[in-house]
Amino acid sequence: MLVAYLDPDGAEPSDSAGARARSFIIGRERDGSVPVRGNLLPEVAGQLQLLQDSILNPRVDGPADPTVGVQFTENPDDVVTPGGYVLTSAEIDRRTRTQKLHDAFAMIVNAAARSGEFPDLGGAAPTLVVTVRAEDYASGAGWATILNTGDRIPSRVAAQTGCAGGIQRVMFDENGRIAALGTSARIFNALQRRAITLRDGGCVIPGCTVPASWCEIHHVTEYADGGPTHTDNGVLLCWWHHRNLHLSEWRIRMRDGVPEIRGPAWWDSKQRWHPAGVPRPRIRERAG
């Protein structure tokens, strides 16, 4: 009883024990995912949580009047889309909380890779290299391989990687000898990214609240199809929407340098094109 009285909070955490137990392990791919396990020091976990919160925290950054283009129902968690469909927050984004945390972590990793502040590896900045057969890349079928791990991913994911980075073409002859080597620069530079950021403000998919700093730039007309690396052909997409755009019903086009969005039938039953961000569903937070 005396110990409890003198020290009601119990023993202080042992910093040395925590330091000894710190770990981070990336496992091997199985069934399309890679397990991660470990123990983070409290300050590392705290910083990671803050970064994830900054990505997942809903924003209201559109018109001065946040109800422009949106009709609110009696239920403050529901909005009415341009097509007249009553849309709940769960229908805007069907990902689970843990899936959202994964995607936020992916954005953090990719933003760090773009920063240019990490040491070189093998004489170059740490660069994710994905190999894919030319015919599979063109068709979007088949599989690609992550060079440093050997894990396989769908070739459409390789297309996303190439969209956000660059492509190096290596041609082999029938004997396996390297016959030709070429590169194709397709990365939006800092000035282009700044301009696109000012125009789009964040991920252009309606209902997505990911800010511009965490977004990738997507070639609306694919670079492989002749689309230029130009502000009139680039839009901001979060990692998740960039990775899954071709699997979704969302479509993007450019009209006089301005992105336009066409959504699924439940978002607009008339399947009309809307300028990015106007109107876009907004969610009013329920008090408490």
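## Strands and sheets

Two strands are said to pair if DSSP finds at least two bridges between them. Helices (H or I, at least four residues) and strands (E, at least two) are themselves DSSP runs, numbered from the N terminus. The structure described here is a predicted model, in which local features need pLDDT of at least 70, side-chain atom pairs count only at pLDDT 80 or more, and totals for chains, interfaces and linings use all residues. Residues are numbered from 1 along each chain as its sequence is written, and side-chain values use heavy atoms, with hydrogens and water left out.

Three strands make up an open sheet in the order S6-S7-S8, with antiparallel pairing. At its edges lie strand S6 (130-131) and strand S8 (152-154), each of which pairs on one side only. Two bridges connect S6 with strand S7 (residues 143-146) in the antiparallel sense, and Val 130 faces Ile 146 in S7. In general, the strands of a sheet pair through backbone hydrogen bonds, either parallel or antiparallel.

## A strand covered on both faces

Strand S11 (residues 216-219) and S12 run antiparallel and are joined by four bridges. Within this pairing, His 218 stands opposite Val 235 in S12.

Both faces of strand S12 (residues 234-237) are covered. Gly 234 and Leu 236 on one side are buried, as are Val 235 and Leu 237 on the other. Here buried means under 20% relative accessible area, exposed means over 50%, and partly exposed lies in between (1.4 Å probe, protein chains only).

## The salt bridges

A salt bridge is a side-chain nitrogen of Lys or Arg within 4 Å of a carboxyl oxygen of Asp or Glu. By this rule, the count is four salt bridges. One of them links Arg 95 and Asp 103, whose closest N and O atoms are 2.7 Å apart; both residues are buried. Another joins the side chains of Arg 253 and Glu 260 at 2.7 Å, N to O. Arg 253 counts as partly exposed because its relative accessible area is 30%, whereas Glu 260 counts as buried because its value is 11%.

Asp 268 takes part in two contacts of its side chain. The residue is located in the loop between strand S14 (258-262) and strand S15 (274-275). Its side chain meets that of Arg 272 in a salt bridge of 3.0 Å, N to O, and a polar contact of 2.7 Å joins it to the side chain of His 274. A polar contact is a pair of N or O atoms within 3.5 Å; within protein, one must be able to donate a hydrogen and the other to accept it, and residues adjacent in sequence count only if both atoms are side-chain atoms. Asp 268 has a relative accessible area of 0% and is therefore buried, while Arg 272, at 34%, is partly exposed.

## The aromatic pair

Rings of Phe, Tyr and Trp (its six-membered ring) pair if their centres lie within 6.5 Å; planes under 30 degrees apart count as stacked, over 60 as edge-to-face and the rest as tilted. A search of the whole structure finds one aromatic pair. Trp 239 and Trp 240 form this tilted pair, with 6.4 Å from centre to centre and 40 degrees between the planes. Trp 239 is buried because its relative accessibility is 12%, whereas Trp 240 is partly exposed because its value is 27%.
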